[in-house]
Amino acid sequence: MQQRYEKLDANELKKLFAQGAFVNSAGAALGADSPSELIRQGVYFYRPVADEVATPIKIPVLAQTENWIAVDKPAGLATMPRGAFVARSVTVALRRQECNDELVPAHRLDRPTAGVLLFTKKKQLRGAYQKLFEERKVQKSYRLLAPTASLPDSFTCEALIYRVEGQHRVGLSRTGEANSCTKFRRLSTQGKISLYEARPHTGKMHQIRAHMASLGAPLVGDRLYGWEGEQVPLQLLAHSLSFDDPYAKTVTLQSKQHLPLTEKITALLRQL
């Protein structure tokens, strides 16, 4: 870690390890003497960062308990600090807003995706809530805008999704054993664009986007997967989450945002 973060001296690193700043993919703190092969399994470092935004980013809170807090993530903010997006991430902004450095997302949303995002408030609770998502015990509903195409009102897409080496996108194959499944339902149509509900039964990277693109209906604004219209923000909203709270009752959370996400999209739809 001293070789990786040259600006942090040994004493600073020792303090960060003691504070639990280095964690594995399950959120468990790692000590300075942890074996280096753990890096291959995923190690995350919550490092102190300088402010990179002129004013604090306000994250809308939907609901909270003593164990978790649910927010309505704006589009364009990364879930976790990464690369150039550090203070401009939901995790860092929410920690500052709530004065709680133990806040950790129980799952993730892509930077362009808006909607419901759940955080745990205490280190000892991370595993229980993250496990709900890993074991697919959370019911997720999305809203999206895409070309109407020749799709039926209700349909299911199953396919093999795989990572494409060196690219920030996934590939999709109809051959081989399917590892992804999404159920879609058309809610309304305006011109050549329809509003769909998507309920993913698996959690592969870019699953909804790849499934719709494979059907000839890439999401509005999704240039990564074939949208050729005007350059606009991705129209994908994590609309709701429902789960049995390990420490309480069943919880249902719903975003207060609606598609289209910008007035520019509204004007575009009028032209189609």
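Author: Start with charge. This is a predicted model. The protein chain carries 38 positive and 26 negative side chains. The centres of those two sets lie 3 Å apart.

Now the wider setting. The protein chain has five helices and 13 strands. Its radius of gyration is 20 Å, close to the 19 Å that the globule rule gives for 272 residues, so the chain is as compact as a globular protein of that length. Along the principal axes, the C-alpha atoms fill a box of roughly 60 × 45 × 40 Å. Of the 272 residues, 44% count as buried. The accessible surface comes to about 14800 Å². Carbon and sulfur atoms own 48% of that surface. Contacts reach along the sequence as well. Take those between residues at least 6 apart: 60% of them join residues at least 24 apart.

Strand β13 spans residues 250–254. Look at its two faces. V251 and L253 make up the covered face. T250, T252 and Q254 make up the uncovered one.

Next, find the neighbour. Strand β12 spans residues 236–244. β12 and β13 pair in the antiparallel sense, over five bridges. Last, trace the link between the strands. A hairpin of five residues joins β12 to β13.

Note on methods
Residues are numbered from 1 along each chain as its sequence is written. This is a predicted model: local features need pLDDT of at least 70, side-chain atom pairs count only at pLDDT 80 or more; totals for chains, interfaces and linings use all residues. Side-chain values use heavy atoms; hydrogens and water are left out. Helices (H or I, at least four residues) and strands (E, at least two) are DSSP runs, numbered from the N terminus. The radius of gyration is taken over C-alpha atoms; the globule rule is 2.2 Å times the number of residues to the power 0.38. Buried means under 20% relative accessible area, exposed over 50%, partly exposed in between (1.4 Å probe, protein chains only). Contact means heavy atoms within 4.5 Å. Accessible areas come from the Shrake-Rupley method with a 1.4 Å probe; for residues, only the protein chains shown count as cover. Lys and Arg count as positive and Asp and Glu as negative; His and the chain ends are not counted. The place of a charge is taken as NZ of Lys, CZ of Arg, CG of Asp or CD of Glu. Two strands pair if DSSP finds at least two bridges between them.
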